[in-house]
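Subject: Structure for your review

Dear colleague,

I am handing over the structure below, followed by an account of what was found in it. Please read the text alongside the sequence and the coordinates.

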Amino acid sequence: MPLHQYVIIRRVERARELLQSSQMPIAEVALEVGFAHQSHLARWTRRLLGVSPKELADIAGRARRAA
């Protein structure tokens with residue numbers, strides 16, 4: 001696996017963790033994990049996970065409210 005691909009995958013995994021476990025805004029999560037822009041995070045999240053960062057945060061929010 002090329003180094004760049006590995007880095008992108010790790011960033012998306014960390015972003016998913018933050019989106020599911022915190023109330024951080026998506027733009028802040030993007031910067032925290034190393035993406036320059038929220039749109040860059042969104043593009044890679046959709047490519048790798050098949051959902052947008054907003055959808056990840058919404059799913060986690062619904063799960064927290066249901067618990």
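**Salt bridges**

D58 and K54 both belong to helix α4 (residues 53–66), where they stand four residues apart, about one turn of the helix; helices here are DSSP runs of H or I with at least four residues, strands are runs of E with at least two, and both are numbered from the N terminus. Between D58 and K54 there is a salt bridge, with the closest N and O atoms 3.2 Å apart, the term being used for a side-chain nitrogen of Lys or Arg within 4 Å of a carboxyl oxygen of Asp or Glu. D58 counts as partly exposed at 31% relative accessibility, and K54 is likewise partly exposed, at 49%; by the cut-offs applied, buried means under 20% relative accessible area, exposed means over 50%, and partly exposed is what lies in between, with a 1.4 Å probe and protein chains only.

Before going further, please note that this is a predicted model, in which local features need pLDDT of at least 70 and side-chain atom pairs count only at pLDDT 80 or more, whereas totals for chains, interfaces and linings use all residues. Residues are numbered from 1 along each chain as its sequence is written, and side-chain values use heavy atoms, with hydrogens and water left out.

The structure holds three salt bridges. In helix α1, the side chains of E13 and R10 meet in one of them, at 2.6 Å from N to O, and the two residues, being three apart in that helix, are separated by about one helical turn. E13 is partly exposed at 27% relative accessibility, and R10 is partly exposed with a relative accessible area of 43%. R14 and E17 also form a salt bridge through their side chains, at 3.2 Å from N to O; both lie in helix α1, three residues apart, which is about one turn of the helix. Here R14 counts as partly exposed at 40% relative accessibility, and E17 counts as partly exposed at 41%.

**Overall form**

The chain has four helices and zero strands, and from the N terminus on its elements run α-α-α-α. For 67 residues a compact globule would have a radius of gyration near 11 Å, and the chain, with 12 Å, agrees with that expectation; the radius is taken over C-alpha atoms, and the globule rule is 2.2 Å times the number of residues to the power 0.38. Along its principal axes the C-alpha trace spans about 40 × 20 × 15 Å, and 30% of the 67 residues count as buried.

**Rings and charges**

Two arginines deserve a look beside aromatic side chains. The charged end of R47 sits over the ring of W44, 4.8 Å from its centre, and R11 lies over the face of F35, at 5.8 Å from the ring centre; the criterion asks that NZ of Lys or CZ of Arg be within 6 Å of the ring centre and within 35 degrees of the ring normal.

**N-terminal surface and the loop**

M1, L3 and Y6 form a nonpolar patch on the surface, with about 400 Å² of accessible area together. Patches are made of residues with over 30% relative accessible area and no salt bridge, like charges being joined within 9 Å and nonpolar side chains (Val, Leu, Ile, Met, Phe, Trp, Tyr) within 5 Å, and accessible areas come from the Shrake-Rupley method with a 1.4 Å probe, only the protein chains shown counting as cover for residues. P2, in the segment before α1, is exposed at 52%, and its C-alpha atom is separated by 19 Å from that of R43, 41 residues apart along the chain.

Q23 is placed in the loop between α1 and α2 and is exposed, with a relative accessible area of 67%; its C-alpha atom and that of A60, 37 residues apart along the chain, are separated by 9.7 Å. E28 lies in helix α2 (residues 26–33) and is partly exposed at 43%, with 10.0 Å between its C-alpha atom and that of A15, 13 residues apart along the chain.

With kind regards
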